[in-house]
Amino acid sequence: MGKKTQTRNIETILTLVFAMVVLFVLGIEMIRQTQATVLRGLEERANQAVLATVKGIRSVIIHRSIYIENLSLGLSLPIYNHDLVMRDLYKANQDPFVSNIYVGFEDDGHFIATYRDHKGLIKEWHPSNDYDPRERKWYLLAKDSPKVIYSPAYVDVISGDYIVTIAKALRNSDDSLIGVVGLDITLNQLTNYVKSISIGRYGSIFIIDSEGTILTHPDFGQPVQNVKDLQGSAGKIGEVMLKGEKGWSLLKNGKDSSYVYYQPVDVIGWSVGVLIPQDEVTGSSITVITKISVTGMLILMLTILLLLYISVKSN
């Protein structure tokens, strides 16, 4: 009888060990599956946010490019009418995304422009005598291109804000250069648009231009920086974004880490990124894992009690 009892006890112990191993393996697999599920969910939300941002940027750029196309047609007419041109400039400048709109002429460097002041009023801008539009980057980029160009970010001489220019060369029927027409989109408008998009609880969106300048970020309260100046994993992520690649990367910043999802804006060579704190992924996983662990422990305790009861009953 003693040997039978001993055998049963050994069987009970082995059964308990087996049950614990099974629960441990299942727990590990549940953790892996839970983290993968949470990450897939965040990836989907990040992808949707990036697509919405890319779509919004394209919409803003393409829509404002129409102003440039229409103005270039009117300015390319044989007879130049200053009053009609100024009317068109004032009309286009009513757009809340447009901070300035202007025309520079090749022959004598003449420049006409309108801008929106801090009160929202549209006014004509008269530059200083030494201002020559033909020396400005937006002018040089446009005169060498047959298409509409989109400049990298730069400081506007009127407002002092960082802006992006859309411009196009004006040409005669013989293809000789008349000048360049352009308009500026303030990054403040892009920032407001980006802030309106949410990803998870703490996710945020940032945008870089074709030269790596960080155009907008919800936490961006300092002079514009360039991803080329970033070090470590942030610098490596900036490099792949500048190459126009799409994907996921892990950004390590001291004790804090974040997942970064990025996708290019092929129309203008920009790239949009979504920053999601790693804690948001692991935090969601831990919540689920905790529930699973508590449930597993309860099952294990009930199993142990049941086996002990059977063992005692058998004795």
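## Aromatic cluster

Ring pairs join Tyr102, Phe111, Trp125, Tyr131, Trp138 and Tyr139 into a cluster. Rings of Phe, Tyr and Trp (its six-membered ring) pair if their centres lie within 6.5 Å; planes under 30 degrees apart count as stacked, over 60 as edge-to-face and the rest as tilted. The model is predicted: local features need pLDDT of at least 70, side-chain atom pairs count only at pLDDT 80 or more, and totals for chains, interfaces and linings use all residues. Residues are numbered from 1 along each chain as its sequence is written, and side-chain values use heavy atoms, with hydrogens and water left out.

Across the whole structure, a search finds eight aromatic pairs. Phenylalanine 111 and tryptophan 125 have ring centres 5.6 Å apart and planes at 90°, so this pair is edge-to-face. Phenylalanine 111 sits in strand 2 (residues 111–116) and tryptophan 125 in strand 3 (residues 122–125), so the pair ties together parts 14 residues apart in sequence. Strands (E, at least two residues) and helices (H or I, at least four) are DSSP runs, numbered from the N terminus. Both phenylalanine 111 and tryptophan 125 are buried.

The rings of phenylalanine 111 and tryptophan 138 have centres 6.4 Å apart and planes at 45°, so the pair is tilted. Distant parts of the chain are linked here: phenylalanine 111 is in strand 2, tryptophan 138 is in helix 3 (residues 137–143), and they are 27 residues apart.

Phenylalanine 111 has a relative accessible area of 10% and is buried. Tryptophan 138, at 3% relative accessibility, also counts as buried. Buried means under 20% relative accessible area, exposed over 50%, and partly exposed in between (1.4 Å probe, protein chains only).

## Salt bridges

Eight salt bridges turn up in a search of the whole structure. Each is a side-chain nitrogen of Lys or Arg within 4 Å of a carboxyl oxygen of Asp or Glu. One of them joins glutamate 69 and lysine 168, with the closest N and O atoms 2.7 Å apart. Glutamate 69 lies in helix 1 and lysine 168 in strand 6 (residues 162–171), so the pair ties together parts 99 residues apart in sequence. Glutamate 69 is partly exposed, at 32% relative accessible area. Lysine 168 counts as buried at 17%.

Lysine 123 bridges to aspartate 117, with the closest N and O atoms 3.2 Å apart. Lysine 123 is partly exposed at 36%; aspartate 117 is buried at 12%. Arginine 134 bridges to aspartate 132, with the closest N and O atoms 3.0 Å apart. Arginine 134 is partly exposed at 26%, and aspartate 132 is buried at 17%.

Asparagine 100 belongs to strand 1 (residues 98–105). With a relative accessible area of 2%, asparagine 100 is buried. Its side chain makes a polar contact of 3.3 Å with the side chain of serine 99. Such a contact is a pair of N or O atoms within 3.5 Å; within protein, one must be able to donate a hydrogen and the other to accept it, and residues adjacent in sequence count only if both atoms are side-chain atoms.

## Nonpolar surface patch

Phe18, Val22 and Leu26 make a nonpolar surface patch of about 290 Å². Patches consist of residues with over 30% relative accessible area and no salt bridge: like charges are joined within 9 Å, nonpolar side chains (Val, Leu, Ile, Met, Phe, Trp, Tyr) within 5 Å. Accessible areas come from the Shrake-Rupley method with a 1.4 Å probe; for residues, only the protein chains shown count as cover.

Valine 22 lies in helix 1 (residues 2–75). At 32% relative accessibility, valine 22 counts as partly exposed.
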